[in-house]
Amino acid sequence: MTKYDELTEFLLLLGDSAMVQGQRLCEWCGRAPAVEEEMALMNVGLDLVGQARNWLEYAAERINDGRDADMLAFRRDERAYRNLLLVEQPNGDFAVTMVKQFLYDAWQYHLLEALTESADEQVAAIAKKSLKEVTYHLRRSSEWMERLGDGTEESHARMEAAIDTVWRFTFELHRCDAGMQALAAAGVIPQADELAQRWQTTVADVLEKSTLTMPEAARSFYLNGRDGMHSEHLGILLAEMQFLQRAYPDASW
Amino acid sequence: MSQWTLFEVFVRSKHGLNHKHVGSVHAADAQMAIENARDLYTRRNEGVSIWVVPSAEITATATDEKEPLFDPSEDKVYRHASFYELPDEVGHM
Amino acid sequence: MYAQMVETGVKKVKGLDEMSAEERAFQEKIDAEIKIEPKNWMPDAYRKTLIRQISQHAHSEVVGMLPEGNWVTRAPTFKRKLQLMAKIQDEAGHGLYLYSAMETLGADRDEEIEKLHSGRAKYSSIFNYPTLNWADMGAVGWLVDGAAIVNQVVLQRTSYGPYSRAMIRICKEESFHQRQGYEILLHMMQHGNDAQKEMVQDAINRLWWPALMMFGPSDADSPNSAQSMAWKIKRHTNDELRQRFIDQTVPQLEFLGCTAPDPELKWNEERGHYDFGDIQWQEFYDVIAGHGPCNRERVETRRKAIDDGAWVREAAVAHAKKKKQQAAA
């Protein structure tokens, strides 16, 4: 697999994750538990796809091989996608969707907050813009965690089951590889352990308020989004998302 | 019966203006009502502040009471500045 | 239109001299273009008809998300995906504005939605057609929203205040929908390859007649029109609006370089309007009666969404109750 420079790889992690999470939210269209929630889910999705475009535009600029953000999003294979394993997991019921959203929001929030101080000006600018949106996303998903965790017996049970389903993918949220260490040393991204600490605190706090149990820290296992080692779900998601670009490679839309 | 409560929504569109009634939303609690209202009524930068009030908590005048409630103020012109004529020499007041 | 064949329950429109004092005062207000507001006295049939009409309109907005949802996961570029997501969000929003207007009449939203799910309430016939290629996203915006706008612009002056205000808001927001749709098609026709141009023509061929049917049956076959017009909850006849839509759409069609699937469509100098062929009304009545290509799937999807979401809504209520109790303790 081609690996780009550390920053470009990191931009792909951010952009691809937002894109895949946005795509999963699109799948909810017409199926949300209330019409108000249709608005809300699509709203978050819209923010995320917009963020993905910003990150991937910057990545495309750095890769500089003639591909633009659209080509990166709609023509790359699953092995070249760098998104978090968490966001590619199927939506499941509303509990799984909300738990995924919350764990991802908490990660995004602390990461973006730190990235507003990035030594890379463009990263700082995109982070600043995205942070406003993500602050709202985190607030909303935290509230849903509480409502559903501390709601009815059924909702509580569903939330516990949802956490059990996706928790194992959270090891990636505080993973740090050599590339990230180098970026952190250069002040482009925050230190991984500080970030992990903040994520841990937010998640523990919200889970406690939600009367939900926080599992032990997830351990890494075989799969790894940053190396394009995805679960089988991503390929199918991309097949759908990329259909038109793949079927009509010379078309202009 | 609806599961969620009906809330009336009031949006202040700019600093310095009054909150204006824009419609309603359903929500389980007031916080959710604020967020639903934000997503629904301020998608296009329409607002800087939102109030939500449970619809059942609003007491309204029946419009058929219009005459006794509002007509009496019609002939109290002295409540309006234009009622008072001042000579031009006094200048702007 | 989004509200088609709304039953008024009135056999014959009463003259002023046949009305009670209350009814007469009400009708005179309407005749004087004074808006009726929620707390005003209104005839029961007016209230019921409006609830039916507004709920039908709202259901249409919500069901209308489904044919677009069919492609939102497959939109080809960032730009198109973001536009479509924003548009779908608007449809949900417009549904909510309308439900909100409907609730000012004393109707309960959940009950009205239940009527949709049990087949007792209607929604626009157009959303029972499948979206089969990406150009459908263009054709839906251009033709379907275009037809809707023709009707909604007029409804901004409807006699019921909350409905009129909802329509004003919707019209303001919807102006981008039709342009968005047309631009999708225009881009494919001007910059696309042969396969894309075929998609555009195919989409128009399939959606042309259903779009014309949106305006509802001919005036001669619309028994409820007279009362609805007297109440000004309908302001022009179905045929007038259909003609207006055709007249404004044909030049746009020609600019695209496409054709309509109607050999009889041609300009009539004498009338100053386009003539067009006969509409297959049997198809329309079949679709309205539940026998369209997607009726089952549409209603089933909506019912499933609300059923599957029951535990979510219940949990939110239970949580709110707990919070209240804690605050009181």
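User: Is C:Asp136 buried or exposed?

Analyst: This is a predicted model, in which local features need pLDDT of at least 70, side-chain atom pairs count only at pLDDT 80 or more, and totals for chains, interfaces and linings use all residues. Residues are numbered from 1 along each chain as its sequence is written, chains are lettered from A in the order in which they are written, and side-chain values use heavy atoms, with hydrogens and water left out. Buried means under 20% relative accessible area and exposed over 50%, with partly exposed in between, for a 1.4 Å probe and protein chains only. With a relative accessible area of 0%, C:Asp136 is therefore buried.

User: Which side chain forms a polar contact of 2.7 Å with the side chain of C:Asp136?

Analyst: A polar contact is a pair of N or O atoms within 3.5 Å, where one must be able to donate a hydrogen and the other to accept it, and residues adjacent in sequence count only if both atoms are side-chain atoms. The side chain of C:Asp136 reaches the backbone nitrogen of C:Leu132 at 2.8 Å. Its polar contact of 2.7 Å is with the side chain of C:Arg206.

User: Why do the buried residues of α5(C) line one face of the helix?

Analyst: Helices are DSSP runs of H or I with at least four residues, strands are E runs of at least two, and both are numbered from the N terminus. In α5 of chain C (residues 109–117), the buried residues are C:Arg109, C:Glu112, C:Ile113, C:Leu116 and C:His117. Seen down the helix axis, and taking the directions from that axis to the C-beta atoms, the buried residues of α5(C) line one face because they fall within an arc of 150 degrees.

User: Which residue caps the N-terminal end of α5(C)?

Analyst: At the other end, α5(C) is followed by C:Gly119, whose phi is positive, near 85 degrees. At the N-terminal end, a side-chain oxygen lies 3.1 Å from the backbone nitrogen of C:Asp110, and the residue that supplies this oxygen is C:Asp108.

User: Which element gives the most to the lining of the largest pocket?

Analyst: A pocket is an open set of points on a 1 Å grid over the protein atoms alone, where a 1.4 Å probe fits, with protein on both sides within 12 Å along at least five of seven lines, and lining residues have an atom within 4 Å of a point. The largest pocket has a volume of about 1,300 Å³, a volume being the space filled by probe spheres set on the points, which are joined across faces, edges and corners. With seven residues, the element that gives the most to this lining is α7(C).
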